[in-house]
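Let's take a friendly walk through this structure. Have the sequence and the 3D view ready, and follow along heading by heading.

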Amino acid sequence: MGAGYDDLWGIGELAARAGVTVKTVRFYSVRGLLPETSRSAGGHRRYGSDALDRLRLIRSLRMLGLSVPEVRRVLDDEDAASGVGDVLEGAVALRLRELGSEMRTLRWREAALRLVQESTPEDRADRLQLIGDLSVPPSTAPLVRFWRGWLPPRMPRRSVDAFLDIAVPQPPEDPAPGQVLAFARLTALTLDPCPGTAQPQPEAHRAAGARGAAVLYAGLAEAYELAGVQLRRGRGPRPGEALDCFVDAYTSAYGVLDSPRFRRGLARQLAVDPRIDRYWELVAEVVTGPGRRPEPTPGTAHDWLLSALAVQTGAPPPTSV
């Protein structure tokens, strides 16, 4: 239904019907989102009744968080004879992704604030330092760089990427304060310089070479999965399929046959290889939410397999170095 003379509305009446201010109507008019139908003899803007639906659409789009340029593109698509709403669909999808990122950042910030709030006065300064070194949400880049320095040089990229997928934990979407602290400590651990001039490397890296290392890590991933099944069942280290798969990873990488003698030598070698148990302890804290049973990590699986090898060969149990 029209209003005013010539069935047109003035800016004030349009604003009142739409439930917005005159300033808002003028803002969208000046930017070309809300075209006026004509001008009065005194130069005042006049709008047709269809402007009300358009103004309500603009208000809805702005409420969804779309920017003025995005609103313009949506309106242009609506105005086009062939408009099918693709622009609106794309704008909404983009805004949802942006909101997801914003909410994730807020959840990490909230958990970090709770961590500080729950800290004792003695711990507070240290924890503030730790979380101050994190981006929010945190990046896994320091962890990736750490492993690229640990893995054998010239190891095939596909093999490296496959290992990183299981070795580098993703920051939880909705972390608890303890998970924030664990990820901060994990990041700090990977950024700390190694003693000496180079990061210590397992003997297996030198013995297997780049090609053999790819075979080794593929086999280890399978062995860790089998050991994880045993760990979830609460079973202690023992010979069996998981250990055989573990040893097979090394024989395949070295190009040798399995034998009791090889297993005894492997047990001695692995007992003195560099270990990064603290890394895996922190990974377990990152991936395990409050009230949940800790999930096996490659580190805990590796330790279980080393102990199983020691049980079988009579070698001393491995210790962290």
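Predicted model: local features only at pLDDT ≥ 70, side-chain atom pairs only at ≥ 80, totals over all residues.

## Around Tyr279

Leaving aside residues up to four places away in sequence, Tyr279 touches Leu143, Phe146, Trp147, Ala167, Val168, Pro169, Leu186, Leu189 and Thr190.

Nonpolar side chains tend to be buried together in soluble globular proteins. Here, the largest nonpolar core has 59 residues, and Tyr279, Trp147, Phe246 and Tyr250 are the ones that touch the most other members. Helix H10 supplies the largest share of this core, with 9 residues. There's also a second, separate core of 22 residues, and Leu14, Ala18, Ile58 and Leu66 are among them.

## Two helices side by side

Now look at helix H10 (residues 203-232) and helix H11 (residues 241-254). Their axes come within 7 Å and cross at roughly 165°. An angle over 145 degrees counts as roughly antiparallel, so that's how H10 and H11 run relative to each other. The crossing of H10 with H11 is right-handed. And what sits in their contact? You'll find 17 nonpolar, 3 polar and 2 charged residues there.

Most peptide bonds are trans, and most residues other than glycine have a negative phi.

Check the loop between helix H6 (121-132) and helix H7 (141-150), where Pro137 sits. The peptide bond from Val136 to Pro137 is cis, with omega near -10°. Then move on to Arg154, in the loop between H7 and helix H8 (157-167). Arg154 isn't a glycine, yet its phi is positive, near 65°. Arg154 is also exposed, with a relative accessible area of 75%.

Terms used: Residues numbered from 1 in each chain as written. Heavy atoms only, no water. Axes fitted to C-alpha atoms, helices over the stretch in contact; angles between N-to-C directions. Helix = DSSP H or I, 4+ residues; strand = E, 2+ residues; numbered from the N terminus. Parallel < 35°, antiparallel > 145°, perpendicular 65-115°, else oblique. Left-handed = near helix turned anticlockwise from the far one by under 90°. Nonpolar A, V, L, I, M, F, W, Y, C, P; charged D, E, K, R; others polar. Core = buried A, V, L, I, M, F, W, Y, C linked by side-chain atoms within 4.5 Å. Buried < 20%, exposed > 50% of the residue type's maximum accessible area, 1.4 Å probe, protein only. Contact = heavy atoms within 4.5 Å.
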